[in-house]
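Here is a friendly tour of a model with more than a few things to look at. Have the sequence and the coordinates open as you read.

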Amino acid sequence: MSRTLVIASVVALLMLSSSSVANPGGNGDADRDYTCGGSCHGDPSMSLPSDGTISISQDGDVFAGHAVAVHVNVAGMSLSDNRLLGTFILGSIDGNDDHPEDHGWHVIQDPNGGSSNYVETVVPSSGSVTLTWVLLAPEEAGVHNLFSQIHHGSEPNYDGMAYTGVSRGYSIDVSPVPEGLPGLSPDWTAPAYRASGNGDPLEIHTVNSTSLSVQWMLEGEWSPNDAVVSSNCEDSEVCNEWQAEIPATMGDTRIQYQITVLNGSFSMELPWLTMGTGPVPFEGDIWDARVQSFAFAFLILSFIVSIQIRLSPWDGKDDLDHTQEVVESEPEIPPPPPGMEEEPQNDDEEYWSRLVPSEENPGWLWDSVEEEWVADPNFQGGEQ
Amino acid sequence: MFGADTFHTAMAEIVVGTMVLATVCAVGCASIRYIPVPADKRESLMVTMDKASMAGASMALLFMPIAIMSGNFAAENTVGNDLLYNKFVYSGLALGFWAAFVVGRVRMGPGLWEVRPLGILQSSTAVMAFLMTTMASSIGGKLVRGESLFDVLPIWFPSDSAVVLPIWASAALLVVGMAALFVVFRMSPRTERIQLE
């Protein structure tokens with residue numbers, strides 16, 4: 001009976017784990033190569049072609065080293081219950097060195113606010129989703145290709161297969177930069193999050209800019225507001241470090257902002273960027289944790305060992321209890337020193353007999369020995 | 001070669017495995033008088049469980065510092081969130097409970113199970129150590145995989161928010177703890193091994 005119970009418990013615990021060969025919960029946004037660098041998603045025996053369609057588009061002309069918004073639209077695919085879709089943007093589909101950064105691009109912001117080339121998103125009920133990466137184009141002018149790949153599940157999916165699809169190469173003609181064209185600095189990446197309540201100005205690094213303006217709005221709003229912009233280089237004509245005052249946000253609020261850089265007659269309106277609200281940074285330090293941990297360890301150890309001692313039926317416990325010996329060894333109480341003797345009791349018969357009542361002072365008795373008045377305890381308002 | 005996180009996982013699995021053995025045997029030792037076991041088998045079963053609990057706890061105590069240190073390296077010596085901070089704290093608590101379990105058993109011998117209050121204390125210490133160790137391990141699962149077996153159990157100690165004491169307060173607690181250890185081990189009466197009847 002007990003053996004059956006144990007086996008049934010073990011089987012029940014084993015059945016709690018998932019048996020799927022894929023990652024139905026996703027793996028999170030990250031920088032990944034095509035088919036995750038040859039992982040199981042690329043294994044034909046563990047994946048099937050996606051039934052979705054992928055299309056890529058861009059906003060406006062693209063200049064070398066300047067920002068461009070690249071849109072990836074994915075539609076028509078079957079999905080699993082959680083409607084999770086993993087989407088890549090790639091510079092090649094070789095299985096290694098496929099990240100756009102490996103091909104001269106720089107990710108300013110991914111669709112989820114980070115700076116990854118692989119993002120996971122929940123597809124709305126329309127079955128179509130458009131994801132926008134804001135990239136800095138390669139410094140080298142010419143035609144550059146971008147690819148997109150998708151991963152998703154299906155319902156039902158009895159074999160736990162991953163469904164994967166890849167787009168054709170999307171060619172982007174990167175034009176040479178006109179002299180003095182302002183833009184974002186290649187070493188700047190848009191922050192994905194700001195800490196809740198943090199109102200510090202947003203640092204923006206640019207190239208060739210003499211002026212900069214920023215508009216912001218909360219996600220879902222339609223009318224942007226102008227942000228106050230300042231810089232520390234008022235003396236020089238070209239300034240590439242700016243601070244934009246964007247209001248602090250709290251909770252799950254996401255804020256969108258658009259940077260416009262100017263240099264003389266050039267005015268570059270950059271794609272809208274998004275910034276989420278993150279939790280306040282954790283203030284603990286590793287040494288705080290270590291010291292606190294060892295302090296608790298010592299306290300617990302000493303506390304329990306002291307209880308063990310208390311509960312221990314140790315034979316020698318009585319040897320330490322010398323209470324009886326102390327009591328027995330105490331000498332008789334010595335007489336008080338002269339002048340410290342206790343006063344005799346005042347209620348004896350002799351004392352009261354010497355007290356004389358006075359008619360002039362009813363309620364009081366005269367002590368002729370001590371020469372003092374003493375209150376008469378038997379006096380009751382004139383009726384003795 | 002392998003990374004610090006892989007090594008940490010291996011060490012944590014050793015600790016968890018041995019402490020499960022120790023806890024089950026410790027609870028068995030404390031409750032054997034209530035289990036319907038033939039009298040002729042009871043003594044051998046008691047001796048076996050006592051030795052197994054001692055061996056498991058000693059091994060857990062031996063490997064726990066290694067697990068903690070490898071965890072430090074795996075975390076790259078940084079504590080970036082409440083979960084990781086609490087993992088340190090629960091590890092310290094587990095270390096304290098396991099050390100108390102082993103110290104008690106070594107000082108008083110197997111006869112401690114014959115004294116009912118001590119047996120209850122010893123098995124309770126093992127259970128608390130089990131819970132603290134499991135909690136620290138489960139936080140590791142939460143950090144790496146985002147899930148833990150505790151998710152399906154009705155037990156979950158506070159871990160999403162950490163009480164970060166200032167370093168001076170922690171240092172003061174550490175000094176108090178060390179002073180308490182000194183008092184307990186050096187100034188209080190020494191316990192004797194309990195003789196088996």
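## Ground rules

Helices (H or I, at least four residues) and strands (E, at least two) are DSSP runs, numbered from the N terminus. This is a predicted model, in which local features need pLDDT of at least 70 and side-chain atom pairs count only at pLDDT 80 or more, while totals for chains, interfaces and linings use all residues. Residues are numbered from 1 along each chain as its sequence is written, with chains lettered from A and ligands numbered from 1 in the order in which they are written.

## Two open sheets in chain A

Let us begin with the sheets. Two strands pair if DSSP finds at least two bridges between them. Four strands of chain A form an open sheet in the order 2-4-8-6, with antiparallel pairing. Its edges are strand 2 (53-58) and strand 6 (106-109) of chain A, each of which pairs on one side only. From one strand to the next the twist averages 35°, where axes are lines fitted to C-alpha atoms (for helices over the stretch in contact) and angles run from 0 to 180 degrees between N-to-C directions. Within this sheet, strand 4 (residues 67-75) and strand 8 (residues 128-136) of chain A are joined in the antiparallel sense by nine bridges. In strand 8 of chain A, A:Ser128 stands opposite A:Ala75.

Another open sheet in chain A has five strands in the order 13-20-19-15-16, and its pairing is mixed. Strand 13 (193-195) and strand 16 (225-226) of chain A are at the edges with a single partner strand each, so one side of each has no neighbour in the sheet. Strand 15 (residues 211-218) and strand 16 of chain A run antiparallel and are joined by two bridges. A:Trp216 has A:Asn225, in strand 16 of chain A, as its bridge partner.

## Backbone points to check

Which way do most phi values and peptide bonds go? Most residues other than glycine have a negative phi, and most peptide bonds are trans. With that in mind, the bond from A:Glu155 to A:Pro156 is cis, with omega near 0°. A:Pro156 lies in the loop between strand 9 (142-152) and strand 10 (162-166) of chain A.

A:Arg83 is not a glycine, yet has a positive phi of about 55°; this residue lies in the loop between strand 4 and strand 5 (84-90) of chain A. A:Asp97, also not a glycine, has a positive phi near 50° and lies in the loop between strand 5 and strand 6 of chain A. A residue is buried if 20 or more other C-beta atoms, placed from the backbone, lie within 10 Å of its own, exposed if 12 or fewer, and partly exposed in between. A:Arg83 counts as partly exposed because it has 16 C-beta neighbours inside 10 Å, and A:Asp97 counts as partly exposed because it has 14.

## Chain B and its side facing chain A

Chain B has five helices and zero strands. Of its 197 residues, 41% count as buried.

How many residues of chain B are in contact with chain A? There are 44, and they touch 35 residues of chain A, contact meaning C-beta atoms, placed from the backbone, within 7 Å. Helix 3 (82-108), helix 4 (116-145) and helix 5 (167-187) of chain B each give two or more residues to this side. Helix 3 of chain B gives the largest share, 15 residues.

Terms used
Two residues are in contact if their C-beta atoms, placed from the backbone, lie within 7 Å.
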